[in-house]
Amino acid sequence: MGKLAKLAWDEKSPINIRRIKHWIRLTHAPLLAVVLLAMFTGVNCSTGATGTIEAVLVAPPNVPPRVNRDAAHVIVNLEAREEVREIAPGVEYRVWDFNGSVPGPLIRVRVGDTVEIRLRNRSENMMLHNIDLHAVNGPGGGAEATNVAPGEEKAFTFKAKVPGLFVYHCAAGIVADHISNGMYGAILVDGLTRGPAVDREFYVGQHEYYLSDTPGAGGVSQLDSTKLLAEDPTYVVFNGATKALQGDDVLRANTGETVRLYVTNGGPNLISSFHVIGEIFDRAYQYGTLMSPPLQGIQTVLIPPGGAAIVDFGLDVPGDYKLVDHSIARVSKGGLGILHVTGDEDPGTFQDLGKPGAAEPTATSPATAEGSPTPTSTGAPAATATPGGGGGATQEITITMGDNVFQPNTLEVTAGSRVAITLRNEGLQPHNMHIATASGVFNAGTVSVPEVILAGKSGTLTWDVPGTPGTYKFRCDIHPVDMTGSITVK
Ligand SMILES: [Cu+2]
């Protein structure tokens, strides 16, 4: 939420395009159309260039520059790709996408443009692809005109008539497969609703991957159609991978700035309850519409599969702000992005009373508690070792927990000994450690104390190593998919 003064923005009433068109026809003054568009879009006609231009396409989270020109014939060069990429730490997957990114590049045009979509299918690809843009009025949104086999290229044109943020996706074959594999993106038709300029714009896409339990040839994971049909994803991600907006790749902004997020949901199945933890949207253009006025003062926006939203907010207080789907268990499946905000503190807006001059760190941190679910009770025995449980010496091991990784994540211990593990959580999220039984069952295994180790805190896990050699799996219950490891007992 920005400063109060920002709320004073005077929203233009929604504009009825049909009425304007009718009026233009009646007055036989085509020139008026240009003048009207210029008025409502802020286009500077004197600097605008007409004719044929090529759309600027950049990979997410980047956004092409604001359109500031007359309506033109805009060529959009898209390429269908099929490439193996890492979608979660250590998980390789054959991603299908547009132009090498998930989501595909944000296409930015303006109302009145004639958009020429050229879709090329790389000759080394295996599949037929096409593109359906929700900004199109025409059969299949362009899918029928762009069915391309490997090595082919096809094109069509459409008139960008309605302003807003629209999804595009491949609609070839089993459509859900193509979208889940990464073939979706968004097109922004800048248009008739006059909105305030913002300091930074980012492009974020949410979608789901459905992986089979065991990888296929070459260790590359494969789509699991049963999970896809059951709508039970392995990963729910922003921008194509669990870590795409974390670590070195966080979104960055400064206090005092305003930020606009163009958010799209490829699905193919899940509705997103998109939320930025610690922020309130000053303006939310629900469903991505730029014809209706935005909602104001919004906490969470619903974004259906095949839908979008535009949200604006001002930044007052430095810190890390988490982008989540507030169906919050999905954070455990990878749905977490970070907006890192630097700048001066604003104690009038927010003040941590435990921080200044405090001798002891605060006991709990509600900010870190949100964003991950509390693991269900496992009924596991306490990690405290039973007397006489270990015949050998106690081995002391330290494991560092990050987001979302154990370091180290492979251990070797002696059968019949006792292992005392110190767990240090150096990540931003809460974690734990849970060792399964020899048969791989976690419910009867051994869990850390405490069961949830908050960011910056430490815990312990004492394990009486069984007398029989073998391999024992361990995991973080809060991030069971990608935060795992194994212990070899010799
Ligand atoms: Cu496809």
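Guide: Happy to! A word on confidence to begin with: pLDDT is the predictor's confidence in each residue, on a scale from 0 to 100. This is a predicted model, and its chain has a mean pLDDT of 84, with 81% of the residues at 70 or more. Two stretches call for care. Residues 3–48 have pLDDT below 50, although the model gives this stretch 64 contacts beyond near neighbours in sequence. Residues 358–391 are also below 50, with 59 such contacts. Where pLDDT is low, the predicted coordinates should not be read in detail.

Now for the core itself. The chain holds 490 residues, 49% of them buried, and its secondary structure comprises five helices and 30 strands. The largest nonpolar core has 29 residues, and those touching the most other members are Ile117, Ile131, Leu133 and Phe158. Several strands supply two or more residues each, among them strand 3 (91–98), strand 5 (114–121), strand 7 (153–159) and strand 9 (184–190). The top contributor is strand 2, with four residues.

Let's zoom in on Leu133. Leaving aside residues up to four places away in sequence, Leu133 touches Ile107, Ile117, Gly141, Phe156, Val167, Tyr168 and Ile187. Elsewhere there is a second, separate core of 25 residues, which includes Leu251, Phe281, Ala309 and Tyr321.

Stepping back to the whole chain, among contacts between residues at least 6 apart in sequence, 72% join residues at least 24 apart. As background, nonpolar side chains in soluble globular proteins tend to be buried together.

Conventions:
Residues are numbered from 1 along each chain as its sequence is written. This is a predicted model: local features need pLDDT of at least 70, side-chain atom pairs count only at pLDDT 80 or more; totals for chains, interfaces and linings use all residues. Side-chain values use heavy atoms; hydrogens and water are left out. Buried means under 20% relative accessible area, exposed over 50%, partly exposed in between (1.4 Å probe, protein chains only). Contact means heavy atoms within 4.5 Å. A nonpolar core is a set of buried Ala, Val, Leu, Ile, Met, Phe, Trp, Tyr and Cys residues joined through side-chain atoms within 4.5 Å.
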